[in-house]
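Trainee: Could you talk me through this model before I start drawing figures of it?
Mentor: Gladly; let us look at it together.

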Amino acid sequence: MSFIRAIGWIVWKDLVSELRSRESFSSMLFFALAVILIFSFSFSMDREAIKELIAGVIWVAFGFTGIIGLGKSFTVEMHNDCLEALQISPASKGAIYLGKLLANLLFILCVEVMLLPLFMIFFNLELLEKLPVLLVIMIGGTLGLSALGTLFSALTVQIRAREVMLPILLLPMAVPVFIGAVEATRGLLSGQPFDLYRPWIDLLLVFDVIFTIVSFWVIDFVLDD
Amino acid sequence: MSTFMLWLRKYQGWFGAAGGLLTATGLYLGLVASPPDYYQGEVVRIMYVHVPFAQSSLLAYTALFGASAWYLWKRDPLIDHVAHAAAGIGVFFTSAALVTGSIWAKPTWNTWWTWDPRLVSFTVLLLILIGYLMLRMFIDERERQARFAAILAIVGGIDLPIVKFSVEWWRTLHQPLSVSPRGVSYAGDMLTPLLIMAIGISLLFTYMLMVRTQLLYLRQLLDAKKGRLLSQAHL
Amino acid sequence: MAATVAIRAEGLSKSYRDYLVLQEVSFELAAGACYALFGPNGAGKTTLLKILATLQRPSAGRVQLLGRDLLADRTAVRGQLFFLAHGSHLYDDLNAVENLRFALGLRGVAPTGREIKLALDRVGIGAFADLKSRYFSAGMKKRLAMAKAWLIRPKLLFMDEAYASLDEKGMALVNLLIRESRQDGAAIFMSSHDRAKVAEVADRAGVLRQGRLHELPVTELRTAHELY
């Protein structure tokens, strides 16, 4: 159906553009690297402190990285007024939203996966056996952030002070996602039994569904006059 | 001048007077006439303002949420003024609630801040309201400003219960509730002044909302007049 | 030709920051006709075009496109309209063919490779099919946009500063597009500063002055000394 095809076209377009320019990717990667370096320097002396705080550090890095990617998601549409073309396109705005969401999710997850070896090196973490569950948590958290972030990116790209407004609007609202992701990650990394921190993963997925549905429902008002 | 605004102007005085009267009564009863609490001494008196402030802050967000939903449905620019006004007043009451809450917390729990679900939720609420006002500052076109702001208010309204819930869950895992504001049991003679204050401050809130709505409306009329004069001196 | 009304505007007004850009603009345009809009810089031509192209809402008044009310029924009409705007609507990292496939794909249209090649040749950029549009000149971008229009065959064609950035051949192409679209039954609403070129294809004309639309007889395009 044309709804699905429209989503496909948006994902294809964003994928091809990003693969060729690597603009978002490099910005996200270098920023995350800087964040990790600063944190690793701050905690270099205290191994106990690292254990307590590493889950939070990981999600701070992921969060800021995600915001950069989410911002770029719609600022690229401002070149040559491409946003106009999307606005008067007969394709459903919901399809455009979902396409952008999928593309964002893919890019941000890719960068996050690339950061994992860095976490292992700088903070001496054993992540390999924990990888499958960690990936699930990463998808859950990134999806939650991206669901709201894609909506707010579409909104803030049309206003002044857009780079500063996206984090100002997104971060308070994304608090539940951060709580869930950090708790689940902490449970996983500190070796807790799965059933103990599993509720957090379930909660994350519930948040993801709610945020995606709300954003999908509301996107028409943001992308259409 | 629209009939809605005229109606507001007509009745605002009643709300203001009633609110002022009740608040004054409540303050007298609470600060002067009632006894200090057995456990918490004099500092519990701040509850007489803290609780009503918190309530009015939620009242403000409810007004904001309702007006935003109404605006998206009916696209009535006057309702948008109500939403805008509610957000501004909400910032005042939320900040006041947080500050008075902190003042109460320090002598009681020996901390300015703690991971209490309501404290975190109110902080997020304040941040959302500030974000709302900033958003409106950065959009010039009136229709788009109203529309985007309404979206933000609605998404925020859905988000806030989720925030509260997630912090509650977190807290039950990490800090079993030993002491919390809920643990405060109100002695009988505390209840009356508290109730009077709650109603009084809510009435004052309504009065402030009515006044500020008119203010925003008049400011917009003024801008429109300026704009018309400008466009007559077109090119 | 059957005179079905393609565009109907009644009392169209637009205020922007309380600055009245358009005031009580009213007109009707039949299918197969071409309306040329003139006016000084900043007169509101682009705003009017954007409202008609469903990009913005009017502050007051009604607009009907192909018989459908603009505010109630926009998505239905969008599949039938095309806007050749000031911005090229092209993605810098995609080449010409990919840009066309994307734009058409979003409309649910899947042209064959041959159709795309024909369209590109027609607008004279066939040799640049595989070039990333980042490297296109402004004129080439305009031509690519025209290739899009040819593949879409819209019932409503809107053009903002139709001849901008184009050389003689490019401008002739625009007029060819207009003529063929009119024959197809499309209605064209365009803004321009070039009276001579427009006079070849327009059968209605108007000037936007201080937000108000003043219709002109088309003959004045050739004869009048100064329009605005």
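What follows is our conversation about the chains, their contacts and some of their helices and strands.

Trainee: What should I keep in mind about the source and the numbering?
Mentor: This is a predicted model, in which local features need pLDDT of at least 70 and side-chain atom pairs count only at pLDDT 80 or more, while totals for chains, interfaces and linings use all residues. Residues are numbered from 1 along each chain as its sequence is written, and chains are lettered from A and ligands numbered from 1 in the order in which they are written.

Trainee: OK, chain A then. How many helices and strands are there in chain A?
Mentor: Chain A has 9 helices and 0 strands, where helices (H or I, at least four residues) and strands (E, at least two) are DSSP runs, numbered from the N terminus. Along the sequence the pattern therefore reads α-α-α-α-α-α-α-α-α.

Trainee: Which helix of chain A bends, and where?
Mentor: Helix 5 of chain A bends by about 25 degrees at A:Leu115, with a proline, A:Pro117, following within four residues; the bend is the angle between axes fitted to the seven residues ending at a residue and the seven starting there. Helix 5 covers residues 93-123, and its 31 residues reach 43 Å from first C-alpha to last, close to the 45 Å expected at 1.5 Å a residue, the expected span being 1.5 Å times one less than the number of residues. After helix 5 of chain A comes A:Asn124, with a positive phi near 55 degrees.

Trainee: What follows helix 3 of chain B?
Mentor: Helix 3 of chain B is followed by B:Asn110, whose phi is positive, near 60 degrees. That helix, residues 77-109, has 33 residues and reaches 46 Å, close to the 48 Å expected.

Trainee: Switching to interfaces, how many residues of chain A are in contact with chain B?
Mentor: On the chain A side there are 21 residues, in contact with 23 residues of chain B. Helix 7 (162-173), helix 8 (175-189) and helix 9 (194-223) of chain A each supply at least two residues of that side, and helix 9 gives the most, with 7 residues. By class, this side of chain A has 18 nonpolar, 1 polar and 2 charged residues, where Ala, Val, Leu, Ile, Met, Phe, Trp, Tyr, Cys and Pro count as nonpolar, Asp, Glu, Lys and Arg as charged, and the others, Gly among them, as polar.

Trainee: And the contact between A and C?
Mentor: That contact takes 21 residues from chain A and 25 residues from chain C. Helix 1 (2-21) and helix 4 (82-87) of chain A each supply at least two residues, and helix 1 gives the most, with 9 residues. The residues on this side of chain A divide into 8 nonpolar, 7 polar and 6 charged.

Trainee: What order do the strands of the open sheet in chain C have?
Mentor: The open sheet of 4 strands in chain C has the order 2-1-4-5, with antiparallel pairing; two strands pair if DSSP finds at least two bridges between them. Strand 2 (19-30) and strand 5 (68-69) stand at the edges with a single partner strand each, so one side of each is left without a neighbour in the sheet. Strand 4 (residues 60-65) and strand 5 of chain C pair over 2 bridges, and C:Leu65 stands opposite C:Arg68.

Trainee: Which strands pair with strand 7 of chain C?
Mentor: Strand 6 (residues 81-84) pairs with strand 7 in the parallel sense over 4 bridges, and 4 bridges also join strand 7 to strand 8 (residues 187-191), again parallel. C:Leu156 of strand 7 stands opposite C:Leu81, and its bridge partner in strand 8 is C:Ala187. Both faces of strand 7 (residues 156-159) are covered, with C:Leu156 and C:Phe158 buried on one side and C:Leu157 and C:Met159 buried on the other.

Methods:
Contact = placed C-beta atoms within 7 Å. Buried ≥ 20, exposed ≤ 12 C-beta atoms within 10 Å, placed from the backbone.
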